[in-house]
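Here is a short briefing on one protein structure. Look at the sequence and the model first, then work through the points.

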Amino acid sequence: MNQGVGLVGLYVRDQEEALQFYVEKLGFRVHTDVKNGDYRWLTVQHPEQPSFQLGLYKPGPPVLDAKTAETVREIVAKGAMPPLVLEVDDCRVAYERMRGRGVEFTQEPVERYGSVDANFRDPSGNGWKMIEPRKVSS
Amino acid sequence: MAVASQDPDLLRRLLRAKDRMDAASHEEWPVERLAGVSRVSEAHFARSFKDAFGLPPHRYLLTRRIERAKAFLRDTDLSITDIAFQTGWKSLGTFGRTFRDVTGESPGDLRVREKATPHQLARVPGCYLSAAHRPDLNIAVSEKRRQEAGGIKRTSKKTEVP
């Protein structure tokens with residue numbers, strides 16, 4: 001087996017909205033979508049990264065009590081969760097495509113030290129940096 | 001002091017105003033413009049923003065402008081006049097005075113000091129770099145001036161990445 005990180009979860013304000021965002025606007029695929037009463041286990045995957053799942057979770061019971069869940073929702077909405085990085089081959093092309101689909105960019109593509117990056121947020125407030133890594137000449 | 005919890009939908013819209021200031025800190029951001037981005041009343045905006053992010057919106061904007069000016073001083077050879085106008089000031093005098101009040105040194109002195117110090121900044125993502133160089137402006141500039149004129153020393157004025 002391959003060892004390593006298999007799943008990282010995000011808190012989102014609405015799983016249906018998040019699913020639509022990550023699948024339709026970012027091009028991820030659904031990996032697992034299982035409902036059990038009010039609870040929904042939902043993970044998505046980048047099409048080129050089958051060994052990694054991104055969990056899209058709604059803060060709430062039974063995992064979090066109501067007050068803690070409220071605090072988490074506030075933290076996410078303030079953009080205070082740690083940033084995420086999406087690597088792409090061509091940041092400017094991806095920016096145009098995603099912007100055309102209605103992704104909320106908070107920074108246009110900028111070149112720094114040979115790499116190009118742009119910032120966007122998901123509907124909940126999670127912040128992503130989209131990076132086209134510096135080309136390493138061989 | 002604990003701040004009462006805020007509606008996440010409101011917070012998400014306040015974040016949008018903060019993001020917009022981040023993306024274009026050189027632009028003018030009157031309260032009506034920010035309130036429009038957040039879709040709240042002007043009367044409600046400043047208070048809500050401060051509750052959410054810990055400082056009033058215009059002081060936040062000032063920290064971003066100063067941080068950006070510091071980056072230009074460090075990383076470019078733009079003249080200080082150009083930097084003042086590119087970071088949103090209308091007058092070189094106001095820029096110089098505010099910069100000194102916030103950072104404790106003049107733009108020219110900071111440039112000389114930064115240019116004399118070798119950096120390994122290419123390994124740090126730009127957003128972290130800029131956040132690390134953002135002044136911790138936890139009081140109003142006018143209050144800071146008053147305290148310093150009165151000889152009151154404050155500790156932990158700013159943090160710098162090594």
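A residue is called buried when its relative accessible area is under 20%, exposed when it is over 50%, and partly exposed in between (1.4 Å probe, protein chains only). This is a predicted model: local features need pLDDT of at least 70, side-chain atom pairs count only at pLDDT 80 or more, and totals for chains, interfaces and linings use all residues. Residues are numbered from 1 along each chain as its sequence is written, chains are lettered from A and ligands numbered from 1 in the order in which they are written, and side-chain values use heavy atoms, with hydrogens and water left out. Helices (H or I, at least four residues) and strands (E, at least two) are DSSP runs, numbered from the N terminus.

**Helix 3 of chain A**

- Helix 3 of chain A spans residues 91-100, and its buried residues are A:Cys91, A:Ala94, A:Tyr95 and A:Met98.
- These residues sit on the same side of helix 3 of chain A, because they cover an arc of only 105 degrees around the axis. The arc is taken from the directions that run from the helix axis to the C-beta atoms.
- What do the buried residues of helix 3 of chain A pack against? They pack against helix 1 (15-25), strand 6 (104-112), strand 7 (115-121) and strand 8 (127-132) of chain A. Contact here means heavy atoms within 4.5 Å.
- At the start of helix 3 of chain A, the backbone nitrogen of A:Arg92 has a side-chain oxygen of A:Asp90 within 3.1 Å.
- Just after helix 3 of chain A comes A:Gly102, with a positive phi of about 95 degrees.

**The sheet in chain A**

- Four strands of chain A make an open sheet in the order 5-8-7-6, with mixed pairing. Two strands pair if DSSP finds at least two bridges between them.
- Strand 5 (84-87) and strand 6 of chain A are the edge strands, and each pairs on one side only.
- On average, neighbouring strands of this sheet are turned by 20 degrees against each other, direction ignored.
- Strand 5 and strand 8 of chain A pair in the parallel sense, over four bridges. A:Leu86 stands opposite A:Met130, which is in strand 8 of chain A.
- Helix 3 of chain A lies across strands 6, 7 and 8 of chain A and runs at about 170 degrees to strand 6 of chain A. Axes are lines fitted to C-alpha atoms, for helices over the stretch in contact, and angles run from 0 to 180 degrees between N-to-C directions.
- Helix 1 (residues 8-23) of chain B also packs on the sheet, touching strand 6 and strand 7 of chain A. Its direction makes about 25 degrees with that of strand 6 of chain A.

**Salt bridges**

- B:Asp51 and B:Arg47 form one, with their closest N and O atoms 3.2 Å apart. Both lie in helix 3 (residues 42-53) of chain B, four residues apart, about one turn of the helix.
- B:Asp51 is partly exposed at 22%, while B:Arg47 is exposed at 55%.
- B:Arg64 and B:Glu67 form another, at 3.0 Å between the closest N and O atoms. Both are buried.
- B:Asp22, B:Arg64, B:Glu67 and B:Arg134 are linked in a network of salt bridges.
- B:Asp75 and B:Arg74 also meet in a salt bridge (3.0 Å, N to O). B:Asp75 is partly exposed at 44%, whereas B:Arg74 is buried at 10%.

Notes: A polar contact is a pair of N or O atoms within 3.5 Å; within protein, one must be able to donate a hydrogen and the other to accept it, and residues adjacent in sequence count only if both atoms are side-chain atoms. A salt bridge is a side-chain nitrogen of Lys or Arg within 4 Å of a carboxyl oxygen of Asp or Glu.
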